[in-house]
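Here is a short note for a colleague who is new to this structure. The points below can be followed with the model open alongside.

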Amino acid sequence: MTETFTILCVDDEPENVSMMIRILKDNYTVLGAQSASEGLEILKNTEVHAIISDQRMPGMTGLEFLHEVRKTDEKIILIIITAYADLS
């Protein structure tokens with residue numbers, strides 16, 4: 001029996017979440033969240049193997065979100081993305 005690989009996509013832009021789901025859904029189970037807090041709620045009830053998160057989000061940044069995730073799950077694959085360069 002094969003295990004389904006589940007990816008959580010977190011971005012405050014609904015279009016970006018929809019795009020990631022469209023791209024990944026043929027090969028993975030894909031969940032979407034439009035905030036870090038929504039992503040944390042999903043993680044309470046669902047086994048997720050990887051997270052793709054936007055960096056620039058209101059409230060909790062993507063980096064802060066992934067640090068919170070890492071506190072509870074050391075095995076989950078974490079990927080952070082952004083459309084904005086920040087050299088500082």
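**Notes on the model**

1. Leaving aside neighbours within four places in sequence, Thr6 is in contact with Thr29, Leu31, Glu47, Val48, His49 and Ala50; contact here means heavy atoms within 4.5 Å. Thr6 sits in strand β1. Its relative accessibility is 8%, so Thr6 counts as buried. Buried means under 20% relative accessible area, exposed over 50%, and partly exposed in between, with a 1.4 Å probe and protein chains only. Helices (H or I, at least four residues) and strands (E, at least two) are DSSP runs, numbered from the N terminus.

2. On the basis of the note: this is a predicted model, in which local features need pLDDT of at least 70 and side-chain atom pairs count only at pLDDT 80 or more, while totals for chains, interfaces and linings use all residues. Residues are numbered from 1 along each chain as its sequence is written, and side-chain values use heavy atoms, with hydrogens and water left out.

3. Ser53 belongs to strand β3. With a relative accessibility of 0%, Ser53 is buried. Not counting residues up to four places away in sequence, Ser53 touches Val10, Gly62, Phe65, Leu66, Ile79, Ile80 and Ile81.

4. Which residues of helix α1 are buried? In α1, residues 14-24, they are Val17, Met20 and Leu24. These cover an arc of only 65° around the axis, which puts them on the same side of α1; the arc is that of the directions from the helix axis to the C-beta atoms. The cover over the buried residues of α1 includes β1 (6-10), β2 (29-33), β3 (50-54) and β4. On the face turned away from the buried side, α1 carries the exposed residues Glu15, Arg22 and Ile23.

5. What makes up the largest nonpolar core? It has 12 residues in all: Leu8, Val10, Ala33, Ala36, Ile42, Val48, Ile51, Met57, Phe65, Leu66, Val69 and Ile76. β1, α2 and α3 each supply at least two residues of this core, and the largest share, three residues, comes from α3. A second, separate core has seven residues, including Cys9, Met20, Ala50 and Ile52. A nonpolar core is a set of buried Ala, Val, Leu, Ile, Met, Phe, Trp, Tyr and Cys residues joined through side-chain atoms within 4.5 Å. In soluble globular proteins, nonpolar side chains tend to be buried together.

6. Residues up to four places away in sequence aside, Ile42 touches Leu8, Leu31, Gly32 and Ala33.

7. How many salt bridges does a search of the whole structure find? There are two, where a salt bridge is a side-chain nitrogen of Lys or Arg within 4 Å of a carboxyl oxygen of Asp or Glu. Glu41 pairs with Lys44, the closest N and O atoms being 2.8 Å apart. Being three residues apart in helix α2, Glu41 and Lys44 are separated by about one helical turn. Glu41 is partly exposed at 43% relative accessible area, and Lys44 is exposed at 60%.

8. The other salt bridge joins Glu68 and Lys71, with the closest N and O atoms 2.9 Å apart. Both residues lie in helix α3, three residues apart, about one turn of the helix. Glu68 is partly exposed, with a relative accessible area of 32%, whereas Lys71 counts as exposed at 64%.

9. Glu74 is in the loop between α3 (62-72) and β4 (77-81). At 71% relative accessibility, Glu74 counts as exposed. Its C-alpha atom is separated by 17 Å from that of Gly39, 35 residues apart along the chain.

10. Ile77 lies in strand β4 and is partly exposed, with a relative accessible area of 41%.
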